[in-house]
Amino acid sequence: MIDILALCAFNAAYAHVIDDDALEQWPAFFTENCRYRITNVENEREGLPAGIVYADSRAMLEDRIAALREANIYERHRYRHLLGLPLVLSADDTTAMACTPFMVARVMATGETLLFATGEYRDRFIRSNGKLLLAERVVVCDSTVTDTLLALPL
């Protein structure tokens, strides 16, 4: 059975690679045919599928990181994730559905730190070859206002 401890460990490792700027490792947390979407609470409540960020494969996530490293021009910064405990909605030996609250602080190169995003991850996990992976992560931000510096994954 996929349990809360496994989900906590997964989320901690996920946040660590983003916060530690090891972004090339981030896509490996997802299945090959995954879905990753960042949206806001109002769009999600109204069933609007469009998101701020949308990817429907691990290859698209890899392309996003390559673009961040090689093509996009943005003010350098990093994140610090604070994660709550996952609420396990359903789980068995191979799948789990969970919601996890998060807060993300953005730390600029100048040292300025601000609360960048709050919300929850709405996840569908699968266990493949003994490894927990995300088949889907919908990042539902509490604010309907999107900062133009949303470059890094949440």
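Q: A charge sits over a ring if NZ of Lys or CZ of Arg is within 6 Å of the ring centre and within 35 degrees of the ring normal; in this predicted model, which residue lies over the face of Y14?
A: The contacts of Y14, leaving aside its neighbours within four places in sequence, include W26, L134, R137 and L154. Among these, the residue that lies over the face of Y14, at 4.3 Å from the ring centre, is R137.

Q: Over the ring of which other residue does the charged end of R137 sit?
A: R137 has its place in strand β7, and because its relative accessibility is 0%, R137 counts as buried. Not counting residues up to four places away in sequence, R137 touches, among others, N11, F30, Y36, Y121 and F125. The ring over which its charged end sits, 3.7 Å from the centre, belongs to Y121.

Q: How are the rings of Y14 and F30 arranged, edge-to-face or stacked?
A: The model holds 10 aromatic pairs whose ring centres lie within 6.5 Å. In the pair of Y14 and F30 the centres are 6.3 Å apart and the planes stand at 65°, which is over the limit of 60 degrees, so the arrangement is edge-to-face.

Q: How many residues apart in sequence are the parts that the pair of Y14 and F30 ties together?
A: Both Y14 and F30 are buried. Y14 belongs to helix α1 (residues 4-19) and F30 to strand β1 (residues 30-40), so the parts tied together by this pair are separated in sequence by 16 residues.

Q: What kind of aromatic pair do F102 and Y121 form, stacked or edge-to-face?
A: F102 lies in strand β5 (residues 95-108) and Y121 in strand β6 (residues 113-128), so this pair ties together parts that are 19 residues apart in sequence. F102 is buried, with a relative accessible area of 2%, and Y121 is buried as well, at 0% relative accessibility. With 4.8 Å from centre to centre and 20° between the planes, which is under 30 degrees, the pair is stacked.

Q: Which element gives the most residues to the largest nonpolar core?
A: This core has 36 residues, and those with the most contacts inside it are Y14, W26, F30, Y36 and L154. At least two residues each come from α1, β1, β2 (53-55), α3 (58-70), β5, β6 and β7 (131-141). The element that gives the most, with five residues, is α1.

Q: With the side chain of which residue does the side chain of R58 make a polar contact?
A: R58 has its place in helix α3 and counts as buried because its relative accessibility of 16% is under 20%. Beyond the residues up to four places away in sequence, R58 touches P27, A28, F30, T31, E32, C34 and L133. The side-chain partner in the polar contact, at 2.8 Å, is E32.

Q: How far apart in space are M97 and R127, C-alpha to C-alpha?
A: M97 lies in strand β5 and is partly exposed, with a relative accessible area of 33%. Its contacts, not counting residues up to four places away in sequence, include L87, V88, D123 and R124. M97 and R127 are 30 residues apart in sequence, and their distance in space is 12 Å.

Methods. Residues numbered from 1 in each chain as written. Predicted model: local features only at pLDDT ≥ 70, side-chain atom pairs only at ≥ 80, totals over all residues. Heavy atoms only, no water. Phe/Tyr/Trp six-rings, centres within 6.5 Å; stacked < 30°, edge-to-face > 60°. Helix = DSSP H or I, 4+ residues; strand = E, 2+ residues; numbered from the N terminus. Buried < 20%, exposed > 50% of the residue type's maximum accessible area, 1.4 Å probe, protein only. Core = buried A, V, L, I, M, F, W, Y, C linked by side-chain atoms within 4.5 Å. Contact = heavy atoms within 4.5 Å. Polar contact = N/O pair within 3.5 Å; in protein donor to acceptor, adjacent residues only side chain to side chain.
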